[in-house]
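Subject: Model handover and notes

Hello,

Here is the model we spoke about, for you to look through. My notes follow below it.

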There are 4 protein chains.
Amino acid sequence: MKKLNVGIVGYGFMGRAHSNAYRKVNNFFDLKHRPVLKAACARSADNARAFAEKWGYESVETDWRKLIEREDIDLIDICTPNNTHAEIAIAAAKAGKMILCEKPLALNAKEAEKMVAAVEKAKVPNMVWYNYRRCPAVVLAKQLIDEGKLGRIFHYRAKFLQDWTINPDLPQGGAGLWRLDVKAAGSGVTGDLLAHCIDTAMWLNGTIDTVNAMTETFVRERKHNLTGKVEKVGIDDACAFLARFTNGSLAGHKALYTFEINGEHASIFWDLHDLHRLQYFDHRDEGRVRGWRSIHVSDSDQPYMKNWWVPGLQIGYEHSFVHQVADFLQGLADDQPAKPDFKDGLATDYVTDAVLQSAKTGQWEKVKKAK
Amino acid sequence: MKKLNVGIVGYGFMGRAHSNAYRKVNNFFDLKHRPVLKAACARSADNARAFAEKWGYESVETDWRKLIEREDIDLIDICTPNNTHAEIAIAAAKAGKMILCEKPLALNAKEAEKMVAAVEKAKVPNMVWYNYRRCPAVVLAKQLIDEGKLGRIFHYRAKFLQDWTINPDLPQGGAGLWRLDVKAAGSGVTGDLLAHCIDTAMWLNGTIDTVNAMTETFVRERKHNLTGKVEKVGIDDACAFLARFTNGSLAGHKALYTFEINGEHASIFWDLHDLHRLQYFDHRDEGRVRGWRSIHVSDSDQPYMKNWWVPGLQIGYEHSFVHQVADFLQGLADDQPAKPDFKDGLATDYVTDAVLQSAKTGQWEKVKKAK
Amino acid sequence: MKKLNVGIVGYGFMGRAHSNAYRKVNNFFDLKHRPVLKAACARSADNARAFAEKWGYESVETDWRKLIEREDIDLIDICTPNNTHAEIAIAAAKAGKMILCEKPLALNAKEAEKMVAAVEKAKVPNMVWYNYRRCPAVVLAKQLIDEGKLGRIFHYRAKFLQDWTINPDLPQGGAGLWRLDVKAAGSGVTGDLLAHCIDTAMWLNGTIDTVNAMTETFVRERKHNLTGKVEKVGIDDACAFLARFTNGSLAGHKALYTFEINGEHASIFWDLHDLHRLQYFDHRDEGRVRGWRSIHVSDSDQPYMKNWWVPGLQIGYEHSFVHQVADFLQGLADDQPAKPDFKDGLATDYVTDAVLQSAKTGQWEKVKKAK
Amino acid sequence: MKKLNVGIVGYGFMGRAHSNAYRKVNNFFDLKHRPVLKAACARSADNARAFAEKWGYESVETDWRKLIEREDIDLIDICTPNNTHAEIAIAAAKAGKMILCEKPLALNAKEAEKMVAAVEKAKVPNMVWYNYRRCPAVVLAKQLIDEGKLGRIFHYRAKFLQDWTINPDLPQGGAGLWRLDVKAAGSGVTGDLLAHCIDTAMWLNGTIDTVNAMTETFVRERKHNLTGKVEKVGIDDACAFLARFTNGSLAGHKALYTFEINGEHASIFWDLHDLHRLQYFDHRDEGRVRGWRSIHVSDSDQPYMKNWWVPGLQIGYEHSFVHQVADFLQGLADDQPAKPDFKDGLATDYVTDAVLQSAKTGQWEKVKKAK
């Protein structure tokens, strides 16, 4: 088994989720590569050391540039705020490292284009952590659509609601709160939660041609957690948009994460809250006993599930990350890069850019197509 | 269209439910007979008149014997407490009247046997108001079982819980509270709610051979609402039993009304709280998309539903009564009596008797079979 | 009890639903008026007679003008295709009749304005059959919102999907198929199903300021059922729009009928498929046991339900019509007109007009406000 | 951090589940001990080596007696068929090892008593892998009951159905099929699945006094997978029993894994298929908005969940094992042994013994009480 030395930048929520995936993947998937937790990088040496101790990283760094320079590192995993993705990824590409980058790929599509150019020039394996593509129930949805089980697609609806910013007393600012800071995050729910919706939507239903959007900021001023000053909030708390897919279907996106797709023959529905289930309605079932089926995706013939337990026993959120690492490693072994790569990440950024533009202009905005 | 003159005894909850059924049935079902609300009978003339006025009964009586003697009455509907069913029904049979009797058929099987003998001797059409047999979703369950869709039946589970007696301050006694009075009701949940479970069970899954039961009275003393005295409670608040069906399947009954049947090929589940739905799981569905289907029973090819609205629009509780009247009338027209008749009601009483006996002896008790 | 003589125009699906409501309302609601089924009107005498026989109408008419002229008619109920509502209603108003008109009020807002002017000039009681306002679970939602239980409203989402037009072999044209004929119907799902969504939305969440919409016709040509010729389809099969409510909340409407409202403190969700339930999530519940509550709206302290059965026993679709008649009659008795009246119907038409306009222009369109 | 050297016997399904728990526990829980995967034991050296390689065990053994003799082993984890638990555990106790034993504790209560005696004499920490006690939703249920939120308990219902033995072509016998072999397994569903139900039941609702049971073997003959001969099947395919708890509540157990508990004030329901949810109904909620709450157990104030991700992100089956290891290690650190220990395992065996006896005699059987 080949070793694959991982250097991770960032140690927050995603640092944990990714590390867990590297540690577990070979216990459950038969693969040619074994990730080795080589180095953890954080600006604070104390934080880096505590994280490395907890997860078994062999060494620490406090400067991501040093990490990239290290010859014993094969893969850079970027888990830092959105506004740092581009710089780190471009440098890592130049150094010939494989890159797994947290989503969204960049602050905006312009930055993301440069990242794609960099990895393509360097010819390095790359992937974006749109992990919901790896939920067995979502993959099952993909299979059903690709097999034509749904027939012509009429409607695609998704929504992703979270309520943690509903509290007006929550400050904006640095550290764990950078998602509320427009400079670090780029946008609010649009780039954060909605980006997941868009990636899944395009993966399942193809490219999007035009969008029309509205955003809203319900809490307009917040104290900054470092300066203590009350400042204007730059991010959006809600975003809704209409879209026309290239295949002629319509969408109404909402930033709960669910999606529903209505086809000529069948419909499917998925909800992150019960991510091990897929709801399926098939018009071709015998009439009297037709109904929404609640599929418990835990059987060995269902995506990824032969690697886990037995039918009836569910997996959880973290397994989508394990699956992504498994697919990345499988892709390396087969020389068939796993998706979503940076180019896919860019395509999502094209949509979020158009959404934000449309929310400003009130007009339908064309979505740029990735070449 | 032939007229069918109805004389009803009792004006409580079931008096309303049955009257509504007589009034609506011809609006939604094409039938040869039209029920005419001829007479309402209650001991108090004021109550009888108020009820007749509300529902459109043409006349009133205060003595059920007089009602039975009337030549212009074709059908006696018995909606009085359990301890009066036998006497009224036997007299009505002797007078050659058709009889629709509220469930349970009698206080116990001994009384019920006499009632069956009386209607058989008099050769009068008779039916027991086990109305859940007429819920489209339950009938659909019956169709699926009879078609062999479930294969060999392994398990039958049902439960019927209600919580209105949980309050220890509720008095027992006369008027609206006769169900808490063992003399008027015979038993508590066993004869009241459980009888529905048993009737449905035997209709769907065949006869029951042996049972083993336990009953419990959680509130052991209650004030009597007439005497004001605190008296011992004679009824059971809970009843659970195990049963062996003749077909080899096992049951665990509970006195919420749901049933679940697990067969070799398929399983079904029904819950009174959403009586317009049937849950269906078919092992023969393609593996990856197998799951419990929630069937919205509202399509025209589903039982009774072509007579109502359009797919997607549900019916309610009262419609089971309308269906029962429709079937009764259709049975008259075709000379093929509708079920459950008194004999079916007796079969249920045999089971409740055995259940109560088993709860006493702690032994498995054989269930008497109707000839 | 005062008699209220009803003359109904049209005998289709809504003719049945309304007639059932008139027949049942006094059995379950204590009211000062009793509707009398006086006359049924249809162009074909045979159809009129058959309908009158089935439902107990005392007489028939074949010309709605004659019906309106009759002195023994107090109330005209309009159940005919959308393109006839205005003419009949205006004539009925001039004749001083009360009017209950099926939804949508008219082909478009222009016609609807004339209807409102007519009933206001004639000072006659009037109501539009937006019957979903009368589902107990929807009324409970209204109560919760009005009591401030939801706090500030952030999101309102609704959708109403039906699949009966998915079949490309379905013809368009006369008789039972007028809903597919743009001349008779005005629009497709927008005026038909979406109008219900809009009426409920504005009732629950206040007026709508601006909209942006898209419509789509999936089946673009259909055979005409009378001429046999394949013709272009004029109606829309799908309509989606974004809206800004006056109260600052956002909407994404979809033409399944569900709505979800997310407030600062609580959220609610309702689905026509289980119309007796309301889903409720209260952020103020104790944290550890917080969750979506599935409320079975059947208790006597829940809207309308004290008039029906007992807790746990559901009502169905048709009961919303009974409730509407009950409220109309109660409004007459109290001299406090029940809603939605024609003016409310007009407000909905203003929105559908703007939606259709926006779908054409691709721009956000202002919604005209009813004076 | 103290090291705790683990020696595991057996490498099947439970070998994986337990090993995963040892590997992850320190990543998510702050503890004083760190399990070290020291040795894996299997009769076949090849199997032992493959398993050790996959999971990172440092060494292998082919004789469990040798494993127990090793001084560098602190804890023996028993994952072998039921009929070997007693011998291994007693020897391990004598050698002064901590023991974590897969459930059921033994083939029967008689064996289990000896195991309890051995660990008590040796004063070694011991635990049985009744892992469902560690599902956050189940622990939340326990908290609610212990806080009196449910009031007096009236009903406890549980069922655990699995369908993998429904296929009559499945052989019985050695290797992965020992659960079908009565000699290795002791009983069928009773000791296997039902034991989980019983352990949870007694943990939540206290001891059981008497039971009355029935068992059934649906497939009575099966080919043996080693001899190829068709032999009589010794295990039970189904088991149902009634029970009286010491606290006066009633139970109806069924061998799907769900439980429902109905108390005076509140009811709870849990289903393994969605193990991250707890259903909760509180009679004391305001009447109009009372309903079953579907609690998504993923908030930091809910059991164990502060150690994982963020609200809304579910965990899976395997996490119950991680929690058990965490609690075991915490118990060591605090010198307050975690439960269920062997004595608790024995109590469950007393119940299954009585259940099997009752199924034979048809009588209510007393359940022996652990001292």
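How much area is buried between chain A and chain D, and what part of it do carbon and sulfur atoms give? About 3,100 Å² is buried there, with carbon and sulfur atoms giving 46%; buried area is the accessible area (1.4 Å probe) that two parts lose on being put together, summed over both.

Some conventions before the rest. This is a predicted model, in which local features need pLDDT of at least 70 and side-chain atom pairs count only at pLDDT 80 or more, while totals for chains, interfaces and linings use all residues. Residues are numbered from 1 along each chain as its sequence is written, chains are lettered from A and ligands numbered from 1 in the order in which they are written, and side-chain values use heavy atoms, with hydrogens and water left out.

The A/D interface

In this interface 36 residues of chain A are in contact (heavy atoms within 4.5 Å) with 36 residues of chain D. Six salt bridges are counted between the two chains, a salt bridge being a side-chain nitrogen of Lys or Arg within 4 Å of a carboxyl oxygen of Asp or Glu. One of them pairs Lys54(A) with Asp30(D), where the closest N and O atoms are 2.8 Å apart. The elements that give two or more residues to the chain A side are helix H1 (13-28) and helix H2 (45-55) of chain A. Helices (H or I, at least four residues) and strands (E, at least two) are DSSP runs, numbered from the N terminus. H1(A) provides the largest share of that side, nine residues. By residue class, the chain A side divides into 15 nonpolar, 11 polar and 10 charged; here Ala, Val, Leu, Ile, Met, Phe, Trp, Tyr, Cys and Pro count as nonpolar, Asp, Glu, Lys and Arg as charged, and the others, Gly among them, as polar.

The sheet in chain A

Chain A has an open sheet of six strands, in the order E3-E2-E1-E4-E5-E6, with parallel pairing; two strands pair if DSSP finds at least two bridges between them. Strand E3 (59-61) and strand E6 (126-128) of chain A are the edge strands, each pairing on one side only. On average, neighbouring strands are turned by 25° against each other, direction ignored. Strand E2 (residues 33-41) of chain A runs parallel to E3(A) and is joined to it by three bridges. Ala39(A) stands opposite Ser59(A) in E3(A). Helix H9 (residues 319-334) of chain A lies across E1, E2, E4, E5 and E6 of chain A, at about 120° to E2(A). For such angles, axes are lines fitted to C-alpha atoms, for helices over the stretch in contact, and angles run from 0 to 180 degrees between N-to-C directions.

In the loop between H9 and helix H10 (342-361) of chain A is Asp335(A). Phi of Asp335(A) is near 55°, a positive value in a residue other than glycine.

The sheet in chain C

Chain C also has an open sheet of six strands with parallel pairing, in the order E3-E2-E1-E4-E5-E6. Strands E3 (59-61) and E6 (126-128) of chain C stand at the edges with a single partner strand each, so one side of each is left without a neighbour in the sheet. Four bridges join E1 (residues 2-9) to E4 (residues 75-78) of chain C, and Val6(C) stands opposite Leu75(C) in E4(C).

Cis peptide bonds

The bond joining Lys103(B) and Pro104(B) is cis, with omega about -10°. Pro104(B) is found in the loop between strand E5 (98-101) and helix H5 (109-122) of chain B. In chain D, the peptide bond from Lys103(D) to Pro104(D) is cis, with omega near -10°.

Regards
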